[in-house]
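Let's take a walk through this one together.

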Amino acid sequence: MDMKKRISLELRNRTPDEVAELVVDNCRSGDGEVEGLTDDFKELEFLSMVNVGLTSLAKLPSLPKLRKLELSDNNISGGLETLSEKCPSLTYLNLSGNKIKDLGTVEALQNLKNLKSLDLFNCEITSLEEYRESIFELLPQITYLDGFDQEDNEAPDSEAEEEEDEGEDDDEEGAGPPGEYGDEEDEEEGSDGGEEEVGLSYLMKEEIQDEEDDDDYVEEEEEEEVEDDEEEEEGVRGEKRKRAPEDEGDDDEDED
């Protein structure tokens, strides 16, 4: 599939200004140039054109918001000054596996003031004596070369991690010192709500307690009535037992 057709497929149901990321890896580029990309891709932030046979960047459109550009495994040998003209916001550039041989070619990247990471793996330039020291001196704005800084510390896995760290720092700065304004309002609201809850619960408890006390009073009256009835029955039985012998004696006298 050629690059132009691939880009058309990527644009299904979208317009170029709605695309932030575009990947056309392993497509064919006519005459070794960028095809299908236009200035309408003004919102593009990530572009990957790996192994598409590029030999020139002359037809690269103006991409003012492009931050990350993947160009590895192509046949680019020069013309890098186009990048500073067309992609001034570039922070990451991968030129691994291209035909870059000397420092003069890389010098054209000096005008990319926002460039932080540059990859030149498998380019002939890496065989130069003091290659790393020379690149860091030539491009003082970069932090990482081929994945490592000047002290051989490895770069983060992705720019997303760096953005998250920056975002967390911004959040901490904007948060303000604890215990101000919002916290006081929350405490005041919490205290008001607490008083209302306590008042309602107190009234409810009183009503429940009154009902329980009434039930206890009724039960005590019923128990007292039952005990009085039992005592009366026992008294009647006792009188019957006492009368029984006397009645027998009366019966004996009658018989006589």
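Start at Arg132, which sits in helix α4 (residues 131-138); helices here are DSSP runs of H or I with at least four residues, strands are E runs of at least two, and both are numbered from the N terminus. Before going on, keep in mind that this is a predicted model, where local features need pLDDT of at least 70, side-chain atom pairs count only at pLDDT 80 or more, and totals for chains, interfaces and linings use all residues. Residues are numbered from 1 along each chain as its sequence is written, and side-chain values use heavy atoms, with hydrogens and water left out.

Leaving aside residues up to four places away in sequence, Arg132 touches Leu145, Asp146, Phe148, Asp149, Gln150 and Asp152, a contact being heavy atoms within 4.5 Å. For Phe148, the backbone oxygen lies 3.2 Å from a polar atom of the Arg132 side chain. That pair falls under the heading of polar contacts, meaning N or O atoms within 3.5 Å; within protein, one must be able to donate a hydrogen and the other to accept it, and residues adjacent in sequence count only if both atoms are side-chain atoms.

Now look at Asp152, another partner of Arg132. Asp152 belongs to the loop between β6 (144-145) and α5 (159-175), and it is exposed because its relative accessible area is 55%. Its backbone deserves a glance: phi is positive, about 65 degrees, although Asp152 is not a glycine. Most residues other than glycine have a negative phi. Asp73 also has a positive phi, of about 60 degrees, and is not a glycine either. You'll find Asp73 in the loop between β3 (68-70) and α2 (81-86), partly exposed because its relative accessible area is 44%.

Ser72 is found in that loop between β3 and α2 as well, but Ser72 counts as buried because its relative accessible area is 9%. Beyond residues up to four places away in sequence, Ser72 touches Met49, Val50, Asn51, Asn94, Ser96 and Asn98. Asn94 comes up again in the sheet: in β4, Asn94 is the bridge partner of Glu70. Three bridges join β3 to β4 (residues 92-94), and the two strands run parallel.

Zoom out to the whole sheet. Six strands make an open, parallel sheet in the order β1-β2-β3-β4-β5-β6, with two strands taken as paired if DSSP finds at least two bridges between them. At the edges are β1 (21-23) and β6, each pairing on one side only. The protein chain as a whole has six helices and six strands, and along the sequence the pattern reads α-β-β-β-α-β-α-β-α-β-α-α. Of its 256 residues, 28% count as buried. Among contacts between residues at least 6 apart in sequence, 51% join residues at least 24 apart.

What about the interior? The largest nonpolar core has 45 residues, and those with the most contacts inside it are Leu47, Met49, Leu93, Val106, Leu118, Leu120 and Ile135. Such a core is a set of buried Ala, Val, Leu, Ile, Met, Phe, Trp, Tyr and Cys residues joined through side-chain atoms within 4.5 Å. Both α1 (3-10) and α4 supply at least two residues of this core, and α4 gives the most, with four. Leu47 touches Leu22, Leu37, Leu60, Leu63, Leu66, Lys68, Leu69 and Glu70, not counting residues up to four places away in sequence.

That brings us back to α4, where Tyr131, Ser134, Ile135, Phe136 and Leu138 are buried. What covers these buried residues includes α3 (103-106), β5 (117-119) and β6. The UniProt record (an unreviewed entry) places the feature "domain: U2A'/phosphoprotein 32 family A C-terminal" at residues 128-146; UniProt positions are given in the numbering used here, feature names are shortened, and annotations may be inferred rather than shown by experiment. Over residues 128-146 the chain is 42% helix and 11% strand, and the end C-alpha atoms are 15 Å apart.

Notes. Buried means under 20% relative accessible area, exposed over 50%, partly exposed in between (1.4 Å probe, protein chains only).
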